[in-house]
Amino acid sequence: MNLIKKEKDTLRETYKAKRHAMEPKLREERDLSICRAASELVSFRYADYILLYAATDDEIDVSYIAEAAWKSGKKVAFPRCDKESHTMSYHFVNSLDELSPEAYGISEPPADAPIYDSNTETGSAVCFVPGLLYDKAGFRLGYGKGFYDRYLSEFIGSKIGVVYSDYVVPTVPRGRYDISVDVLLTEKGTVAVKRKK
């Protein structure tokens, strides 16, 4: 396990530096292309619930997806992190203005905002999952806290990995609890995940 952690940490540093070196204008264009591609997905079009994330400086900005979802009459939820248990829950908001910096400096919805519960919400849901790096089997390299792997292990909707096309690699080091997504979304469109048979 220590070896896997070391490999992940090395990859994180390499790709974080690469991302920080990207020209802001290029990054903005790529982010917008990803958001446009998201709104054209069949899973997005027919989803009742859209689970997003409030991007940090190291993540792809998906705020346009939220705006497109609200415009289409969908319910949109963002995660709140519990630092003690390393778990998270998604809460519905009606505007990005309702988000404010909380745990780890990440913008989150209010604690009293309604919670998305897949056990009681009967409509279809799509979760857009941030990742610094993804591999061709849909496994991600996140930021080492494990929040998404814990949440996604019980999520029954469609899981979409959000990543730049040149941040998709043949394989990333993975542990036994790492969860793969169903499809990758890049600025060049979708990338089918290759499952091992």
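**Ground rules.** This is a predicted model: local features need pLDDT of at least 70, side-chain atom pairs count only at pLDDT 80 or more, and totals for chains, interfaces and linings use all residues. Residues are numbered from 1 along each chain as its sequence is written, and side-chain values use heavy atoms, with hydrogens and water left out.

**Exercise 1. Find the aromatic pairs and classify two of them.**

Solution. 
- Rings of Phe, Tyr and Trp (its six-membered ring) pair if their centres lie within 6.5 Å; planes under 30 degrees apart are stacked, over 60 edge-to-face, and the rest tilted.
- The whole structure contains 7 aromatic pairs.
- Take Tyr49 and Phe92: the ring centres are 5.8 Å apart and the planes stand at 40 degrees, so this pair is tilted.
- Tyr49 belongs to strand β1 (residues 49-51) and Phe92 to strand β3 (residues 87-93); the two are 43 residues apart, and the pair links distant parts of the chain.
- Tyr49 is buried at 10% relative accessible area. Phe92 is buried too, at 12%.
- Now take Tyr164 and Tyr167: with centres 5.7 Å apart and planes at 65 degrees, the pair is edge-to-face.
- Both Tyr164 and Tyr167 are buried. Together with Tyr15 they form one aromatic cluster.

**Exercise 2. Which charged ends sit over the ring of Tyr167?**

Solution. 
- The test asks for NZ of Lys or CZ of Arg within 6 Å of the ring centre and within 35 degrees of the ring normal.
- The charged end of Lys18 sits over the ring, 4.9 Å from its centre.
- The charged end of Arg19 also sits over the ring of Tyr167, 5.2 Å from the centre.

**Exercise 3. Work out the order and pairing of the open sheet of 3 strands.**

Solution. 
- The order is β8-β7-β10, and the pairing is mixed.
- β8 (140-141) and β10 (168-169) are the edges; each has a single partner strand, so one side of each lacks a neighbour in the sheet.
- Strand β7 (residues 133-135) pairs with β10 in the parallel sense over 2 bridges.
- Tyr134 stands opposite Val168 in β10.

**Exercise 4. Characterise the hairpin of β11 and β12.**

Solution. 
- Strand β11 (residues 183-186) and strand β12 (residues 189-192) pair in the antiparallel sense over 4 bridges.
- There are 2 residues between the strands.
- Thr186 stands opposite Gly189 in β12.

Key: Buried means under 20% relative accessible area, exposed over 50%, partly exposed in between (1.4 Å probe, protein chains only). Two strands pair if DSSP finds at least two bridges between them.
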